[in-house]
Amino acid sequence: MNWRIAVLALALLVPLSVAAAAERTLVFAAASMKDAVETLAQTFGEESGHDIVVSVASSGTLARQIEAGAPADIYISANPAWMEYLAERDLVDAASRDNLAGNRLVAVGSRHGDHDQAALETDAILKADHVAMGDPLHVPAGHYARQALDSLGLWETLGRKAVYGENVRVSLALAARNEVSYAIVYASDAALRDDLQILYSFPTNSHEPIAYAAALTPAADAQAGAFYQYLFSEAAEAVFASFGFVAPGDNGSGLSLIH
């Protein structure tokens, strides 16, 4: 009899486990949004009782995973091009697409590095020997970095010496350890590190406006929709601002600070 009871108990647990998995909302977010989105997920979860799980990687990696069948409910990309990639394949809800936030592009170096203070905030710092950046083919921050360096006439020289990381966090680590002269990252990432200093801020016209595009996927349920709406609330806007993000400019040609 005991084994029959054990089998019956196991049978009852299986549907419960499946139901529990189905009740959670899975958010695929660009790596640079990790801290902000995880903070919002925790706050929303505590207030609503809903389980929000955040998975982060480069925007391109996440888009490919969704294409391969990953069960994401919400996708947040640091490059609208990857959002368009999924939209063309009907893998996001076109009606829900919107720009969630923006960012600025900066060059950072270790606070303990040998930086010429006279060169800070000038393009002279960009002519150093080695630079870390995201892979321009897969990482949006790397894509913007290449555009910026190209516009300043530095890509032909620095492109050959660039160290590519799988996301901006890898680039930050290389700069913090003085393994490169500087790293090109988002301002929001730089704000998270006390061991790094901003050496240069790229002109906004040196690259395309940085916009984080967000959308629901066709698999999203009402719970996912509720969290998605929360991401665009005033409360969420304040959280994004606290992590150094900016809002897309109203005219689409630049970025303005979130207030």
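What follows is a short exchange of questions and answers.

Modeller: This is a predicted model, in which local features need pLDDT of at least 70 and side-chain atom pairs count only at pLDDT 80 or more, while totals for chains, interfaces and linings use all residues. Residues are numbered from 1 along each chain as its sequence is written, and side-chain values use heavy atoms, with hydrogens and water left out.

Colleague: What percentage of the residues in the protein chain is buried?

Modeller: Buried means under 20% relative accessible area, computed with a 1.4 Å probe on protein chains only. Of the 259 residues in the protein chain, the buried share is 47%.

Colleague: How many residues does the largest nonpolar core have?

Modeller: A nonpolar core is a set of buried Ala, Val, Leu, Ile, Met, Phe, Trp, Tyr and Cys residues joined through side-chain atoms within 4.5 Å. Those with the most contacts (heavy atoms within 4.5 Å) inside the largest core are Val27, Met33, Ile76, Phe202, Tyr212, Phe227 and Phe240. Apart from it lies another core, of 16 residues, Leu26 and Met83 among them. The largest core itself has 65 residues.

Colleague: Which residue does Phe202 touch among the histidines, not counting residues up to four places away in sequence?

Modeller: With those sequence neighbours left out, the residues that Phe202 touches include Leu105, Leu126, Leu152 and Ile184. Also on that list is His207.

Terms used: Buried means under 20% relative accessible area, exposed over 50%, partly exposed in between (1.4 Å probe, protein chains only).
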